[in-house]
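Dear colleague,

Please find the structure below, together with its sequence. My notes on what was found in it follow directly after.

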Amino acid sequence: MGEQVRDATTVRESPAFGKGCSLNAAVTGGTGFVGQALVRLLVKRGGAVRVLVRRPEADATIRSLGAEPVRGDLEVPGDCDGLVRPGDVVYHAAARVAAVGRWADFRRTTIEGTRPLLKAALRCRPQRFVYVSTGAVYSVKHVRGGVSADRTPVAPPRYNLYARAKLEAENLVRAECEKAGCPWTIVRLSCTVYGPGHSPLVRSFLALAERGFLYVVGDGQNQFATSYVDDVARAVLLAGVDTSTAGKIYDVASEEPVTLCEFLNTTAWALGLPRVRHRVARPVAYAAAALTELWARARGREPPFNRWLVILMSVNQVVDTGRIRRELGWQPRVSFKEGMRRMQEWYRQLQEGERGTVDGDRSSLQPAHE
Ligand SMILES: NC(=O)c1ccc[n+]([C@@H]2O[C@H](COP(=O)([O-])OP(=O)(O)OC[C@H]3O[C@@H](n4cnc5c(N)ncnc54)[C@H](OP(=O)(O)O)[C@@H]3O)[C@@H](O)[C@H]2O)c1
């Protein structure tokens with residue numbers, strides 16, 4: 001297959017896709033940032049796309065993308081029963097996505113919410129189960145040479161509740177699919193996916209800025225792994241349609257060298273915020289985060305930031321995407337500069353046209369995509 005670039009929207013013609021395979025898909029998380037981009041691509045390729053939707057007001061968004069909403073909440077028993085049809089490719093992207101939060105909440109949505117979906121889906125004998133995961137599952141002590149599923153141990157720090165839940169859900173997907181004889185594939189996205197849309201990144205960046213907690217940790221010259229949302233969606237889609245991906249884990253990131261400083265300041269620019277001028281030494285930030293977590297726990301509140309955010313901002317994040325490039329011909333198409341320009345344009349339009357609805361219905365302004 002070499003390094004030839006394949007278009008995910010035309011991959012149907014690829015011999016690797018396999019004869020007689022259905023293009024129909026069942027998606028969770030399709031109302032979210034990554035999921036919407038994936039649904040858009042799936043619809044573009046043709047075939048029926050069904051999306052689990054838990055908020056009634058999101059039905060219209062899903063319909064406007066050309067997909068069919070199926071009302072359901074992962075956490076409500078029986079709600080996933082009508083989502084999957086025999087022969088579908090299942091893309092499971094729904095999760096609790098946040099840097100801070102309580103273990104009970106991460107566990108309920110990300111782990112326990114995956115169980116009923118697996119049960120309902122595997123009964124229908126899907127063609128493939130694709131789990132959208134995160135590079136945050138890797139040990140932060142083994143980042144030299146770039147993290148990759150082939151050689152980097154999975155061992156998220158104990159206080160990274162989000163990543164611990166994602167790893168448990170990964171293991172659940174593997175075990176249950178293997179038991180049922182269903183091919184599974186895992187796609188681990190770089191910790192930071194950006195682009196137009198109400199991403200977890202935009203939400204946390206604005207929250208940190210509002211509370212005065214935006215700092216460059218260390219000298220800010222460490223590499224920061226990012227991926228543009230449409231590039232990520234194409235990678236996830238490919239993982240589900242190429243028959244050679246069964247039982248494999250793929251790492252996805254743009255691999256364009258961007259430092260923490262560049263990342264923070266370009267994001268600040270895109271969101272109309274001032275440059276991030278304050279700096280804090282890593283040990284100081286780490287200690288402050290640990291104390292903040294203790295303080296918040298004692299008061300039953302969520303801390304504004306935590307040790308995981310400090311680590312995320314201060315380690316050298318390099319991802320080895322060799323496998324997905326080699327085996328699926330995937331490569332990023334949108335540069336950091338162009339991706340951030342698109343995010344800035346989306347945010348500017350949002351503020352101009354929809355002032356005051358940033359936390360409202362995500363359908364308020366459809367991001368411009370490729
Ligand atoms: N964004 C990143 O930087 C990043 C990086 C690495 C990996 N990932 C992975 O990519 C996936 C998608 O992330 P995202 O950025 O798109 O997050 P997001 O925008 O927060 O979307 C989360 C999605 O999950 C759905 N969801 C949450 N709880 C649910 C429940 N109980 N029942 C049904 N649906 C539920 C949400 O539905 P509502 O719309 O109703 O809230 C939404 O569609 C996640 O699995 C995440 O771990 C993301």
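**What was found**

Among contacts in the protein between residues at least 6 apart in sequence, 77% join residues at least 24 apart, where two residues are in contact if their C-beta atoms, placed from the backbone, lie within 7 Å. This is a predicted model, in which local features need pLDDT of at least 70 and side-chain atom pairs count only at pLDDT 80 or more, while totals for chains, interfaces and linings use all residues. Residues are numbered from 1 along each chain as its sequence is written.

The protein has 12 helices and 11 strands; these are DSSP runs numbered from the N terminus, with H or I over at least four residues for helices and E over at least two for strands. Of its 370 residues, 48% count as buried, meaning that 20 or more other C-beta atoms lie within 10 Å of the residue's own, whereas 12 or fewer make a residue exposed and values in between make it partly exposed. D81, in the loop between β3 (68-71) and β4 (89-92), counts as partly exposed because it has 16 C-beta neighbours inside 10 Å.

Next, the ligand. It is surrounded by 30 residues, of which T31, G32, F33, A94 and V193 are the closest; a residue belongs here if its C-beta atom, placed from the backbone, lies within 6 Å of the molecule. Two or more residues each come from α1 (33-45), β5 (128-134), β7 (192-194) and α6 (200-210), and α1 gives the most, with 3 residues. By class, the shell holds 15 nonpolar, 10 polar and 5 charged residues, where Ala, Val, Leu, Ile, Met, Phe, Trp, Tyr, Cys and Pro count as nonpolar, Asp, Glu, Lys and Arg as charged, and the others, Gly among them, as polar.

Finally, a helix pair. Helix α8 (residues 260-270) and helix α12 (residues 336-353) pack at an angle of about 30 degrees, with their axes 8 Å apart; axes are lines fitted to C-alpha atoms, for helices over the stretch in contact, and angles run from 0 to 180 degrees between N-to-C directions. The two helices, α8 and α12, are therefore roughly parallel to each other, a term for angles under 35 degrees. In their contact, T266, W269 and A270 of α8 meet M340, M343, Q344 and Y347 of α12, and by class these are 5 nonpolar, 2 polar and no charged residues.

With best wishes

Technical notes: Angles under 35 degrees count as roughly parallel, over 145 as roughly antiparallel, 65 to 115 as roughly perpendicular and the rest as oblique.
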